[in-house]
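Please read each point beside the sequence and the structure.

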Amino acid sequence: MLRIAVPNKGALSEPAADLLHEAGYRRRGSAKELVVVDEDNGVELFHLRPRDIAVYVGSGTVDVGITGQDMLLDSRTPADEILPLGFAGSTFRFAAPAGTRSDVSELQGARIATSYENLVEDYLSERGITAEVVHLDGAVESSIRLGVADVIADVVETGTTLRQAGLEPFGEAIMTSQAVLFSRPGMELEAEAAHALEVLERRIRGVLVAREYVMLDYDIPTELLERAVEITPGLQSPTVSPLHGGEWSAVRAMVDSRSAHRMMDELYDAGARAILVTAIQACRI
């Protein structure tokens, strides 16, 4: 069986569980269920702390895992990223009291509080900056006021938490991160597990495409077909079928879900009231 490490809590947990469920894998019955054996799909799902997943994969205890790129880099575990998963997006940045710093070159000799000390140390080392990195498990925003640090390095989303603490981000982003499916380099699997991994990757890709695209079906007068195809070119090209009598055509195109309603508006504008949108549905491949 293919052994998969899945986040058991935090911001990564629910999106990862939803993704795997949409891909056809069993969902655990409760938060206390740490191992789910899905014999129909040839996998075992191990629900582990997000920060520990890289270590388990790197040691070969499990075959593949889902975690954040930031946690993966902070673990310093060699890994092959198989697939970015498009959720848990974040930006990792330095922050200091408002108006006190403007560039990372000003970090020389500073005390930097963070929950990602390896990531920060590697970033500073690459730039020849010597600083004291102070490890804290969460709530790093308070460290400056409490005199533990001069600067923090943390995940920044809206910036609201920083502003409430009188802080502001400065300099370039340390990194941008999202959830990834990954394995250890040079991993060799038995045939059954290798096949299960191939299926897992294919299914996840299908779910990600399905989330991004919808299938747009509509009927249009054939004389307006060329303009309609310009509006809905599809992922590759639309499928066009002539309707009985030849005056109308049926068009099916896979389009970006974020643009679907705008395209509908353009279709109506192109054909006035003559266009009939027959269906917009989630795309499954």
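1. Helices (H or I, at least four residues) and strands (E, at least two) are DSSP runs, numbered from the N terminus. The model is a predicted one, in which local features need pLDDT of at least 70 and side-chain atom pairs count only at pLDDT 80 or more, while totals for chains, interfaces and linings use all residues. Residues are numbered from 1 along each chain as its sequence is written, and side-chain values use heavy atoms, with hydrogens and water left out.

2. On empty space in general: rolling a probe the size of a water molecule over the atoms shows where empty space is left. On a 1 Å grid over the protein atoms alone, a cavity is a set of points where a 1.4 Å probe fits but cannot get out; a pocket is an open set with protein on both sides within 12 Å along at least five of seven lines, and lining residues have an atom within 4 Å of a point. Grid points are joined across faces, edges and corners, and a volume is the space filled by probe spheres set on the points.

3. The count comes to one cavity of 30 Å³ or more, and the largest cavity holds about 60 Å³ of space. Its lining includes Ala 17, Leu 20, His 21 and Leu 45. Both α1 (13-22) and β3 (43-48) supply at least two residues of this lining, and α1 gives the most, with three residues. By class, the lining of the largest cavity has four nonpolar, two polar and three charged residues (Ala, Val, Leu, Ile, Met, Phe, Trp, Tyr, Cys and Pro count as nonpolar, Asp, Glu, Lys and Arg as charged, and the others, Gly among them, as polar).

4. The largest pocket has a volume of about 540 Å³. Of the 25 residues that line it, Ala 11, Leu 12, Asp 70, Met 71 and Tyr 116 lie nearest its centre. At least two lining residues come from each of α2 (50-59), α3 (69-75) and β9 (151-156). Ten nonpolar, eight polar and seven charged residues make up the lining of the largest pocket.

5. Why does the largest pocket lie between domain 1 and domain 2? Domain 1 (2-87 + 178-211) and domain 2 (90-177) both give residues to its lining, so the largest pocket lies between them. The domain bounds come from an automatic or database domain assignment.

6. The second largest pocket contains about 200 Å³ of space. Among the residues lining it are Glu 141, Asp 154, Gly 159 and Leu 162. The elements giving two or more residues to this lining are β9 and α5 (160-164).

7. Is Val 120 buried or exposed? Val 120, in helix α4 (residues 117-126), is buried, with a relative accessible area of 0% (buried means under 20% relative accessible area, exposed over 50%, partly exposed in between, with a 1.4 Å probe and protein chains only). Not counting residues up to four places away in sequence, Val 120 touches Phe 92, Phe 94, Ile 112, Thr 114, Val 133 and Ala 153 (contact means heavy atoms within 4.5 Å). Val 120 and Ala 153 are 33 residues apart along the chain, and their C-alpha atoms are separated by 7.5 Å.

8. Ala 96 lies in strand β6 (residues 90-97) and counts as buried at 1% relative accessibility. Beyond four places away in sequence, the residues that Ala 96 touches include Arg 101, Ile 144, Val 151 and Phe 170.
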